[in-house]
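Open the model in your viewer and keep the selection tool at hand. The tour goes from one stop to the next.

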Amino acid sequence: MNIKKKLALAKKLNIAAIIVSIVVFILVLLMRRIKIDLGVDFSFLPAVYSILNTITAILLLIALYFVKQRKIKQHKLFMLTAVISSVLFLLLYVLYHFTTPETSFCKEGGIRVVYFVLLISHIFLAALILPFILFTLIRALTDQFEKHKKMARWVFPLWLYVAITGPVIYLMLYPCY
């Protein structure tokens, strides 16, 4: 595929990434207000999607190792797998929150402050980072490697932070379920 076609494809994919990001943002806003009874107990899902977030963090670290070793094929494989893991996480997270009442943090004292600092930073960065993960992926898929590298330098650590703090928040909330 020539450069013109790749740039045209990138433009279309960017539009799709923006649409997907907006839809996800709207779903996340709605899932706190709308509850749907599907007749299934989804209380097991926080453990599952926390494991997926942990897997994503591990995949990201392995992908970083491979790119530092200039093993681009392996880097690409682990990054695509991290994206798939994150997509699965997101689907299960939305399903859980549309079908299950919220769980409030039940601890008191300093741990409560730590929990809410982690939770607020996690939520803010998760909302912010999604379109940029997609844009970074699009740059790689359309062979815009310099732009990809430039974005990945700041997108990667934020994505990793979100992938790590998610399971930490789950473990802190676990006694409250």
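Predicted model: local features only at pLDDT ≥ 70, side-chain atom pairs only at ≥ 80, totals over all residues.

Residues are numbered from 1 along each chain as its sequence is written, and side-chain values use heavy atoms, with hydrogens and water left out.

Select cysteine 106 and cysteine 176: their sulfur atoms lie 2.2 Å apart and form a disulfide (a pair of cysteine sulfur atoms within 2.5 Å). Cysteine 106 sits in the loop between helix H3 (72-99) and helix H4 (110-141), and cysteine 176 in the segment after helix H5 (145-173), 70 residues apart. Helices are DSSP runs of H or I with at least four residues, numbered from the N terminus. Cysteine 176 is buried, at 15% relative accessible area, while cysteine 106 is partly exposed, at 39% (buried is under 20%, exposed over 50%, partly exposed in between, with a 1.4 Å probe and protein chains only).

Next, select Phe89, Tyr93, His122, Ile123 and Ala126, the closest to the centre of the largest pocket among its 44 lining residues. A pocket is an open set of points on a 1 Å grid over the protein atoms alone, where a 1.4 Å probe fits, with protein on both sides within 12 Å along at least five of seven lines; lining residues have an atom within 4 Å of a point. H4 gives the largest share of this lining, 14 residues.

Last, select Val67, His75, His148, Lys149 and Ala152, the closest to the centre of the second largest pocket. Here the largest share of the lining, 9 residues, comes from H5.

Technical notes:
Helix = DSSP H or I, 4+ residues; strand = E, 2+ residues; numbered from the N terminus.
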